[in-house]
Amino acid sequence: MIGKESAAGRTVRILFLSLWLAVTVFPLYWITVTSFKSPGTIFSFPISYWPTHFSLENYTGLFREAKFGVYLTNSLIIATAAGTVATAISMLSAYVLARFEFRSKGAVLMAALVTQMIPSFIALGPLYMMMTELNLVDSRFGLTLVYIAVCIPFCTVMLRGFFENIPDALEEAAMIDGCSRLGALFRVLLPVMRPGIVAAFIFNFVNCWNELFLSVTLMNGDARKTVPTALNGFISSFNIDWGSMSAAAVLTIAPTMILFAFASRHIVQGLTSGAVKG
Amino acid sequence: MKEPVAFPSARPEGEPGGTPTPTTCSTDAAVGARPDVGPDAGTGLRAGAGGRGSTAASTSAPTAPRPRRPVFTGRQGLTVAAFMAPAALFVAVFIYYPMIAGSQMAFRNWNLNDLTDTSWVGLKNFREIFTDPVFGTVLSNTGIWVVGSIVPQFVIGFAIALWLRRRFRFRGLYQALIFFPWAISGFLIGILFRWMFNSEFGVVNDLLEKAGLINEPIPWLADPKTAMVAVLIANIWYGVTFFAIMILAALQSIPDEIYEAAEIDGAGKVRTLFQITIPSIRGTLSLTVLLRVIWIFNFPDLIFAMTGGGPSNETHIVTTWMITVTQQGDYGRASAIGLIVVAMLLVFSVFHLTATREKSATGGRPTTGGKRATGRNPRTRKTKGTVS
């Protein structure tokens, strides 16, 4: 499709792509290797590129000394709840944006984009005050509500792209066969869109799982911390314990990488479909 | 990922995040590619939305996969309102309300350390920022941060995309692997690289010493001269994937026939690249760059985790500076910085859109006419049949 490739061109291509693969994977490899070294060998010379003996000390320490199990549970609950509700709500708004014409549509899309352009720190102070008054500080429910709102704008735009890829004819047929509009949405459209919905959920989940500044602001109590908040506590201390730090980083990254691996094809499609059409 | 939900997680999300709304289409592409959609009600509205000249409008200009007539009739207004209500409620309460409340703090004396006097002070906060000696450093750092990240990300991403067009075994696996950084938050990337750039036990120094490039360890993050280099390397590593993926998708939309024709006409590799490939995907390229600039500008997470803005403010960009000021409790001044960021991004967006528009106007693309017509005439949207 793009002409024949010379032997030299092929070599350059393979070299470059291999080099970039190595560059991409190395930091992930390195944090993993560090996490399996015993605390003594992390800070010793020469630096070893392979742990001479695997040690789980860093991991056990995380659960023994820091309440890492609690943080993981908090993150899991909040990200799952917020991801699910945000996906459901965005599905409704994405559906009307894809299938209906109405005058304020441009304004709605603009409102979604503006949320991405303004630095979040402007909102943190008032948000904290509002949540204090609502008695939702240090509450998993409160943070979940905020995360739902954070996920909605982008998730809506993403899902709208998936809706638009499905021909209207599908619903028309269902409606002619006696389905109501809602029936057509739930029985015909949503099953077809399942991969896109799963991708949107995973995207939301990972964003909530990774979110730092809001949870630092709204979750003060040790029992309410999410994983990124705990990590922030680790790097704020004067002497960073890189052993536990790397173990914690691996435990944070691993679930998101597994989820992304499952959904990467659909996420890529969701992100690029709008940008390259036409 | 990652990224792209930038508010208020300040991420990309982008990453993929942050971000930006990668589900986008440039106005010219949306309208120009479908010259046959004139009478369609939907397209009129879409063109209008895309033509208002702001980033928001253009980046969100929707893409109908085909001309569409309104399928649904009847009580549409009610349905639309009912379906939009939950989303609107959440976003209004938890995003727009705090954002607006926060913006007005910029014009007030609002300091957590002393809340007895929160009176209106006009532009005092802005004056203080502009006269702060740190502000100059922060501005030039922000420039270096944005340009120094975007240019290498773009070049490397473009190269990867070009080379990934050719099918090879394990291409899917390869793409999945280089996609991985996207699942990680900017904050964690900062932690990863902070450890690798550690001056004593960091692997970067060790590798450079093994390669014989340096004789003694470099205190990367402690030295004002090298700290910015280190955070840039981390950010380039993080962002290449986004460009690679967006550009690859755009490249795959170019029909093969064009390349065949070019080959028959005897065009060489370089010429094909500059006269066919790049012009064909100019819309995507320009939009991707715009979104990334906005996103990287608004992306303090990585620097926050790696250096916290230090040493001696040498890695402070506008948004990390805002974090520091917030942490000091001076919400008024922090909000003022935030509004300055918004103003800078708006100016940049308008400038960027105007510049790329002129370029494509002289580039002889047949789509130009349609795009400009809609671009200059936002009223078109009102003339089409729409339901409120």
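Tyr259(B) is found in helix 11 of chain B, which covers residues 256-264. The model behind this report is predicted. Tyr259(B) counts as partly exposed, because it has 17 C-beta neighbours inside 10 Å and the cut-off for a buried residue is 20 or more. In sequence, Tyr259(B) and Thr277(B) are 18 residues apart. In space, their C-alpha atoms are 8.8 Å apart.

**A second residue, in chain A**

Phe68(A) sits in helix 4 of chain A. Is Phe68(A) buried or exposed? Phe68(A) is buried, because 21 other C-beta atoms lie within 10 Å. Neighbours within four places in sequence aside, Phe68(A) is in contact with Leu62(A), Phe63(A), Ala230(A) and Ala248(A). Thr226(A) is 158 residues away from Phe68(A) along the chain. The C-alpha atoms of Phe68(A) and Thr226(A) are separated by 9.1 Å.

The two C-alpha pairs are set out here.

| Residue pair | Separation along the chain | C-alpha to C-alpha |
|---|---|---|
| Tyr259(B) and Thr277(B) | 18 residues | 8.8 Å |
| Phe68(A) and Thr226(A) | 158 residues | 9.1 Å |

**Chain A overall**

Chain A has 13 helices and zero strands. Its pattern along the sequence is α-α-α-α-α-α-α-α-α-α-α-α-α. The C-alpha trace of chain A spans about 75 × 70 × 35 Å along its principal axes. Chain A has 278 residues, and 48% of them count as buried. Take the contacts in chain A with a separation of 6 or more: residues 24 or more positions apart account for 75% of them.

**Helix 4 and helix 10 of chain A**

Helix 4 of chain A runs over residues 68-99, and helix 10 of chain A over residues 194-210. Their axes come within 8 Å and cross at roughly 140°. Helix 4 and helix 10 of chain A are therefore oblique to each other. The crossing is right-handed.

Which residues meet in this contact? From helix 4 of chain A come Ser75(A), Ile78(A), Ala79(A), Thr80(A), Ala82(A), Gly83(A), Thr84(A), Ala86(A), Thr87(A), Ser90(A) and Met91(A). Helix 10 of chain A supplies Ile197(A), Ala200(A), Phe201(A), Asn204(A), Phe205(A), Cys208(A) and Trp209(A). By class, the contact of helix 4 with helix 10 of chain A has 11 nonpolar, seven polar and no charged residues.

**Core, and helices of chain B**

The largest nonpolar core holds 159 residues. Within this core, Ile148(A), Ala149(A), Cys151(A) and Ile152(A) touch the most other members. Which helix gives the most to this core? Helix 10 of chain B, residues 224-251, does, with 16 residues.

Helix 10 of chain B also packs with helix 13 of chain B, residues 282-297. The angle is about 155°, and the axes are 10 Å apart. Helix 10 and helix 13 of chain B are therefore roughly antiparallel to each other, since an angle over 145 degrees counts as such. Their crossing is right-handed.

On the side of helix 10 of chain B, the contact is made by Gly239(B), Phe242(B), Phe243(B), Met246(B) and Ala250(B). On the side of helix 13 of chain B, the residues are Thr284(B), Thr288(B) and Arg292(B). By class, the contact of helix 10 with helix 13 of chain B has four nonpolar, three polar and one charged residues.

How values were computed
Residues numbered from 1 in each chain as written. Chains lettered and ligands numbered in written order. Predicted model: local features only at pLDDT ≥ 70, side-chain atom pairs only at ≥ 80, totals over all residues. Axes fitted to C-alpha atoms, helices over the stretch in contact; angles between N-to-C directions. Helix = DSSP H or I, 4+ residues; strand = E, 2+ residues; numbered from the N terminus. Parallel < 35°, antiparallel > 145°, perpendicular 65-115°, else oblique. Left-handed = near helix turned anticlockwise from the far one by under 90°. Contact = placed C-beta atoms within 7 Å. Nonpolar A, V, L, I, M, F, W, Y, C, P; charged D, E, K, R; others polar. Buried ≥ 20, exposed ≤ 12 C-beta atoms within 10 Å, placed from the backbone. Core = buried A, V, L, I, M, F, W, Y, C linked by C-beta atoms within 7 Å.
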